[in-house]
Amino acid sequence: MRIVRAAAAVVVREDGRLLLVRRGTEPQRGRWSVPGGTVEPGETVAEAAVREAFEETGARVRAERELGVVRVPAGAGVVYEVHDVAATYLGGTLRPGDDADAVRWAAPGELAELETTDGLLEHLARFGIRPG
């Protein structure tokens, strides 16, 4: 099994809305998740989360603290070890980029209605992130 280190930015605005991207690639293409991707060589988890948030959404964020780690099977003997990082929204113009095909702020009441990636809402709750 090959472990791929990755980072994701969990960005919740003051009004409780969560920054989400709709995945444009596999795994789980077409589902909503937090922005994230592979940690580049020489990059910290926090740096990767900030970079991925910008690349996928256009949002400028500041990494605050690591929330926890989630292992996501990706098939063919690959598992993504995703380090979720709480981040503060600083600004920017939202637009989908990189491997996201849509980006949005989701209100707490909308989350259950969206087709999210497997386990996303449970992981967020486990990390104490409850938008709203």
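Trainee: Over the ring of which residue does the charged end of Arg 104 sit?

Mentor: A charge sits over a ring if NZ of Lys or CZ of Arg is within 6 Å of the ring centre and within 35 degrees of the ring normal. Here the charged end of Arg 104 is placed over the ring of Trp 32, at 5.8 Å from the ring's centre, and the charged end of Arg 13 sits over the ring of Trp 105, 4.6 Å from that ring's centre. Please keep in mind that this is a predicted model, in which local features need pLDDT of at least 70 and side-chain atom pairs count only at pLDDT 80 or more, while totals for chains, interfaces and linings use all residues. Residues are numbered from 1 along each chain as its sequence is written, and side-chain values use heavy atoms, with hydrogens and water left out.

Trainee: How many aromatic pairs does a search of the whole structure find?

Mentor: A pair of aromatic rings is described by the distance of the centres and the angle of the planes. Rings of Phe, Tyr and Trp (its six-membered ring) pair if their centres lie within 6.5 Å, and planes under 30 degrees apart count as stacked, over 60 as edge-to-face and the rest as tilted. The search of the whole structure gives one aromatic pair: the rings of Tyr 89 and Trp 105 have centres 5.0 Å apart and planes at 80°, so the pair is edge-to-face. This pair links distant parts of the chain, with Tyr 89 in strand 6 and Trp 105 in strand 7, 16 residues apart; helices (H or I, at least four residues) and strands (E, at least two) are DSSP runs, numbered from the N terminus.

Trainee: Is Trp 105 buried or exposed?

Mentor: Buried means under 20% relative accessible area, exposed over 50%, and partly exposed in between (1.4 Å probe, protein chains only). Trp 105, at 13% relative accessibility, counts as buried, whereas Tyr 89, with 27%, is partly exposed.

Trainee: Which residue forms a salt bridge with Asp 101?

Mentor: Side chains of opposite charge can pair when their charged atoms come close, and a salt bridge is a side-chain nitrogen of Lys or Arg within 4 Å of a carboxyl oxygen of Asp or Glu. The partner of Asp 101 is Arg 22, with the closest N and O atoms 2.8 Å apart. Asp 101 lies in strand 7 (residues 100–106) and Arg 22 in strand 2, so the pair, 79 residues apart, links distant parts of the chain. A search of the whole structure finds 13 salt bridges. Among them, Arg 51 meets Glu 52 (3.0 Å, N to O) and also Glu 55, with the closest N and O atoms 3.2 Å apart. Glu 55 and Arg 51 are four residues apart in helix 1 (residues 45–57), which means that about one helical turn separates them.

Trainee: How many residues does the largest nonpolar core have?

Mentor: A nonpolar core is a set of buried Ala, Val, Leu, Ile, Met, Phe, Trp, Tyr and Cys residues joined through side-chain atoms within 4.5 Å. The largest has 19 residues, and those with the most contacts inside this core include Val 10, Leu 67, Leu 124 and Ile 129. Strand 1 (2–11) and helix 3 (120–126) are among the elements that each supply at least two residues, and strand 1 gives the most, with three. Apart from this core lies another, of 17 residues, among them Ala 9, Ala 48, Ala 87 and Trp 105.
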